[in-house]
Amino acid sequence: MWRLPRALCVHAARTSKLPGPWSRPAAFMSTLLINQPQYAWLKELGLREENEGVYNGIWGGRGEVITTYCPANNEPIARVRQASVADYEDTVKKAREAWKIWADIPAPKRGEIVRQIGDALREKIQVLGSLVSLEMGKILVEGVGEVQEYVDICDYAVGLSRMIGGPILPSERPGHALIEQWNPVGLVGIITAFNFPVAVYGWNNAIALICGNVCLWKGAPTTSLISVAVTKIIAKVLEDNNLPGAICSLTCGGADIGTAMAKDERVNLLSFTGSTQVGKQVALMVQERFGRSLLELGGNNAIIANVLYGPLHTKQAVSMFLGAVEEAKKEGGTVVYGGKVMDRPGNYVEPTIVTGLGHDASIAHTETFAPILYVFKFKKEEEVFAWNNEVKQGLSSSIFTKDLGRIFRWLGPKGSDCGIVNVNIPTSGAEIGGAFGGEKHTGGGRESGSDAWKQYMRRSTCTINYSKDLPLAQGIKFQ
């Protein structure tokens with residue numbers, strides 16, 4: 001049974017199941033933020049009161065209508081018509097047809113399209129970043145920074161489009177050439193979470209495109225407007241280049257669409273970002289059909305910085321925060337700072353510091369996804385390294401030290417077992433040039449830079465005999 005984390009769905013309010021045009025009283029329309037003068041900039045992104053949440057060359061959607069909300073004040077922003085299962089079927093068919101065209105385009109030419117996508121995002125970076133802040137809840141500079149990540153990965157992918165290649169290996173047989181050939185997998189399904197509604201799609205999309213794949217995106221229901229706005233920017237680039245829009249398809253939706261993507265053999269690679277709990281279900285569904293998955297799951301990082309932050313994404317997240325604080329107290333912790341919901345509109349909570357817990361306290365091993373910092377005292381380097389590694393999640397970790405020996409022990413085989421291992425910087429944020437991802441219950445996937453492109457391609461080991469003989473490997477002779 002597919003289950004999305006409740007935090008992803010709490011604001012996806014069902015407002016209509018009618019297949020025809022939407023009709024709402026004028027008074028209801030006026031309550032939407034998009035109709036208020038201070039939010040007129042939303043229309044610069046092509047957004048309206050009601051938005052179609054399916055794109056496959058044309059815009060549509062025959063599923064239910066959801067309303068998305070601003071976490072800063074819990075006011076409704078606008079509505080999105082989600083995809084039905086029939087919409088999903090149509091979109092997958094169109095995407096696979098579009099792949100036949102896209103795969104024939106040389107990689108450097110594909111890179112040129114990605115360059116144009118990056119430039120189009122640059123032109124809208126402030127207004128799109130403002131939408132990230134409005135709908136997701138990040139502070140504005142982080143919202144803009146997230147769009148910048150997509151721009152940066154487009155730049156990276158453009159260069160990569162002229163560099164992808166496999167090695168030529170020495171053959172032990174005379175008159176033979178041994179090479180590795182890399183080809184696109186085909187259709188890449190991308191399911192993203194609410195916390196990075198632009199950047200994670202960008203990491204996958206830019207790299208997948210230059211590798212010769214087409215993409216099908218399902219964003220989080222609570223950030224559906226962001227998914228629509230980003231897709232509109234990409235769609236214009238594709239249409240201006242007379243390319244099928246289905247190369248970058250969109251199916252906004254919930255559990256039914258996610259399940260369809262996970263079980264669909266036509267989806268050659270499924271990239272999923274979300275909770276470990278849901279990620280396990282995704283992995284099982286994909287593995288059952290011998291498919292390929294790229295998983296970016298829970299984090300629960302070792303340190304955080306409580307300086308400047310926005311609201312939690314949903315009311316449910318506030319409840320989870322309060323529950324974690326109470327659980328920490330029950331397990332012997334002391335709240336030395338924060339621990340309360342702030343008395344103001346929206347989903348704001350106080351940054352919270354908890355001391356006195358044991359390193360093995362269950363709450364400290366749980367990813368609450370809230371600004372809570374658990375502080376532990378340690379005596380020996382070896383024990384604190386072990387405490388870092390005993391947590392099931394393995395995304396990011398950091399140490400602050402001037403001891404060169406400790407730095408390299410932290411980076412070494414007995415140091416941190418996370419996918420991202422930092423020294424003298426926080427655990428948040430990462431440069432696009434390095435592969436992003438984690439170990440253990442974080443899923444093991446890698447996105448963005450380094451050799452992450454290999455996950456979006458299939459490898460063939462090819463032997464070419466240009467001699468007149470038929471020698472076997474290992475010197476085997478049949479006599």
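Let me begin with helix α4 (residues 107-123), where Arg-122 and Asp-119 both lie, three residues apart, or about one turn of the helix. Helices here are DSSP runs (H or I, at least four residues) and strands likewise (E, at least two), numbered from the N terminus.

The model is predicted, and local features need pLDDT of at least 70, side-chain atom pairs count only at pLDDT 80 or more, and totals for chains, interfaces and linings use all residues. Residues are numbered from 1 along each chain as its sequence is written, and side-chain values use heavy atoms, with hydrogens and water left out.

In general, side chains of opposite charge can pair when their charged atoms come close. Arg-122 and Asp-119 meet in this way, in a salt bridge of 2.8 Å from N to O. A salt bridge is defined as a side-chain nitrogen of Lys or Arg within 4 Å of a carboxyl oxygen of Asp or Glu. Arg-122 is partly exposed, at 35% relative accessible area, and Asp-119 is partly exposed too, at 28%. Buried means under 20% relative accessible area, exposed over 50%, and partly exposed in between (1.4 Å probe, protein chains only). Both residues belong to a network of salt bridges that also links Glu-112, Arg-115 and Asp-155.

The structure holds 19 salt bridges. Another one joins Asp-87 to Arg-62, with the closest N and O atoms 2.6 Å apart. This pair links distant parts of the chain, 25 residues apart: Asp-87 is in helix α3 (residues 85-102), and Arg-62 is in the loop between β4 (59-60) and β5 (65-70). Is Asp-87 buried or exposed? Asp-87 is buried, with a relative accessible area of 5%, whereas Arg-62 is partly exposed, at 44%.

I turn now to the domains. The chain is divided into domain 1 (35-299 + 449-460) and domain 2 (315-392), with bounds from an automatic or database domain assignment. Their contact, meaning heavy atoms within 4.5 Å, takes eight residues from domain 1 and seven residues from domain 2. The area buried between them is about 560 Å², of which carbon and sulfur atoms give 52%. Buried area is the accessible area (1.4 Å probe) that two parts lose on being put together, summed over both. In domain 1, Pro-71, Ala-72 and Asn-74 lose the most area to domain 2, together 56% of what that side buries.

How many salt bridges are there between domain 1 and domain 2? The count is zero.
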